[in-house]
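Please open the structure in your viewer and keep the selection tool at hand. The stops below say what to select and what is there.

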Amino acid sequence: MHAVTHRQLFFQHVAQTSDFPLALEIDRAEGIYLHGSGGQRYIDLISGIGVSNVGHRHPHVLEAIHSQLDKYMHLMVYGEYVQTPQTQLAHALSQTLPPTLDNVYFTNSGTEAVEGAMKLAKRYTGRTEIISCFNAYHGSTQGALSLSGDENFKRNYRPLLPGIRHIRARNWNDIEQISERTAAVIMEVIAGEAGVRVPDATYLQAVRQRCTEVGALLIFDEIQTGFGRTATFWAFESFDVVPDVLLCAKGMGGGMPIGAFISSAEIMGVFKNNPILGHITTFGGHPVSAAASLATLQVIQNEKLYEQAEAKGQLFRQLLKHPAIREVRGKGLMLAVEFDSFDVLKPIIDHAIDSNPVGVITDWFLFCDNSMRIAPPLIITEEQIREACSVILEAVDTLSN
Ligand code: PMP
């Protein structure tokens with residue numbers, strides 16, 4: 001009998017979400033590198049996806065995890081016991097934010113932060129309408145999926161949530177649709193899956209003003225943009241707009257699962273009664289994840305990783321010049337490299353992954369398949385950026401003629 005390979009087990013027993021998974025077998029990861037079981041080395045230019053902002057297995061994060069493992073893991077459902085990793089993290093997060101964002105509800109994932117925030121807005125305002133943007137991505141559960149602006153992903157899962165209205169992101173006329181019926185407007189500060197679209201500050205400010213006028217909450221989804229990715233700790237900092245609710249996850253855990261929705265104590269207070277236990281979770285803010293997250297936050301701040309993200313992003317832009325590249329968009333280390341079509345881009349991505357002696361991992365966006373996603377760990381060095389770009393350019397040269 002032949003020994004069953006891990007690859008066979010993967011295809012037999014691990015549920016698949018496409019007919020063409022990457023199926024890379026990774027033994028070990030360190031910094032910006034993934035090491036394959038056959039000895040291959042890959043530069044991770046997408047941080048799997050938007051998560052490993054401090055790199056894979058950052059020593060400070062590992063140390064925090066080990067030390068928390070020696071104390072306790074899960075103790076009790078969310079919000080009942082005073083758990084130091086949670087209290088320290090909540091404090092540290094509020095130190096990075098304006099005073100109105102000082103109350104943190106921990107979740108296990110980004111989608112759960114979105115779900116919690118939707119309930120919070122409905123309960124706080126007593127309204128039911130939630131406004132989201134076309135081409136937004138906020139998660140895959142039925143509530144979060146309802147917010148998605150892409151019919152293709154929703155069609156076969158209806159009925160979804162009623163009361164969702166979609167507006168065009170960065171369109172001034174559509175701001176008028178935010179009304180006294182609106183409980184909340186949810187927006188990505190920089191739209192990720194739409195292909196990294198950066199708005200004008202004045203647009204976000206106008207949305208803020210309209211929300212304030214009509215009494216709707218403004219929710220910023222910083223699940224992809226937070227934790228230093230776009231050259232400030234939070235993306236909203238450079239737009240001079242403060243949301244009522246802020247969502248984070250992904251990069252927040254330094255490789256461990258954790259998310260949060262953050263608001264004021266006044267708004268968050270509605271979960272306490274009518275009914276009591278307005279939003280509950282068993283594992284939200286798991287102590288080991290919270291310890292990892294605090295260490296991640298400290299690494300990003302102490303090493304000022306967000307300050308370097310702009311210059312590093314510029315270096316990518318400078319190097320990724322080629323007749324087949326139509327545009328490089330983005331901010332900090334959240335970039336989209338646009339080609340003519342998916343048919344041009346896909347073989348380039350595949351070729352870069354298979355390159356020797358080092359492969360480069362990139363991909364495309366859910367709602368923008370002619371653009372290559374570049375979102376490396378923020379710790380990537382100038383030399384590593386040059387190495388990664390030369391692999392990409394070699395792939396572009398080989399395949400675009
Ligand atoms: N919002 C945004 C902007 C995201 O990019 C994502 C994940 N791609 C989510 C929400 C959902 O987060 P998660 O996959 O952790 O549930």
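In which loop does Asp-240 lie? Select Asp-240: its place is the loop between β8 (217-221) and β9 (245-248), where helices (H or I, at least four residues) and strands (E, at least two) are DSSP runs, numbered from the N terminus.

Before moving on, note that this is a predicted model, in which local features need pLDDT of at least 70 and side-chain atom pairs count only at pLDDT 80 or more, while totals for chains, interfaces and linings use all residues. Residues are numbered from 1 along each chain as its sequence is written, and side-chain values use heavy atoms, with hydrogens and water left out.

**Backbone stops**

Stay on Asp-240, which has a positive phi of about 60° although it is not a glycine. Most residues other than glycine have a negative phi, and most peptide bonds are trans. Asp-240 counts as exposed because its relative accessible area is 66%; buried means under 20% relative accessible area, exposed over 50%, and partly exposed in between (1.4 Å probe, protein chains only).

Next select Asn-274, in the loop between α9 (265-268) and α10 (287-302). Asn-274 is not a glycine either, and its phi is positive, about 55°. With a relative accessible area of 63%, Asn-274 is exposed.

Now go to Gly-48 and Ile-49, which are joined by a cis peptide bond with an omega of about -20°. Ile-49 belongs to helix α2 (residues 47-50). Another cis peptide bond joins Arg-158 and Pro-159, with omega about 0°. Pro-159 sits in the loop between α7 (151-154) and β6 (164-167).

**The ligand**

Which residue has a side-chain N or O atom 2.7 Å from a nitrogen atom of the ligand? That residue is Asp-221. An oxygen atom of the ligand is 2.9 Å from a polar backbone atom of Gly-110, and a ligand nitrogen is 3.4 Å from a polar backbone atom of Tyr-137. The protein covers 82% of the 390 Å² of accessible area that the ligand has on its own (Shrake-Rupley method with a 1.4 Å probe; for residues, only the protein chains shown count as cover).

Keep Tyr-137 selected. Its place is the loop between β5 (129-133) and α6 (142-147), and Tyr-137 counts as partly exposed because its relative accessibility is 31%.

**Salt bridges**

Side chains of opposite charge can pair when their charged atoms come close. A salt bridge is a side-chain nitrogen of Lys or Arg within 4 Å of a carboxyl oxygen of Asp or Glu, and the whole structure has 14 of them.

Select Glu-30 and Arg-57, whose side chains meet in a salt bridge at 2.9 Å, N to O. Glu-30 lies in strand β1 and Arg-57 in the loop between α2 and α3 (59-69), so the pair ties together parts that are 27 residues apart in sequence. Glu-30 is partly exposed at 38%, and Arg-57 is partly exposed at 40%.

Move to Asp-174 and Arg-168, a salt bridge with its closest N and O atoms 2.9 Å apart. Asp-174 is buried, at 6% relative accessibility, whereas Arg-168 is partly exposed, at 43%.

Finish with Asp-363 and Arg-373, where the closest N and O atoms of the salt bridge are 2.6 Å apart. Asp-363 is in strand β14 (residues 363-365) and Arg-373 in strand β15 (residues 368-374), 10 residues apart. Asp-363 is buried at 17%, and Arg-373 is buried at 4%.

Terms used
A polar contact is a pair of N or O atoms within 3.5 Å; within protein, one must be able to donate a hydrogen and the other to accept it, and residues adjacent in sequence count only if both atoms are side-chain atoms.
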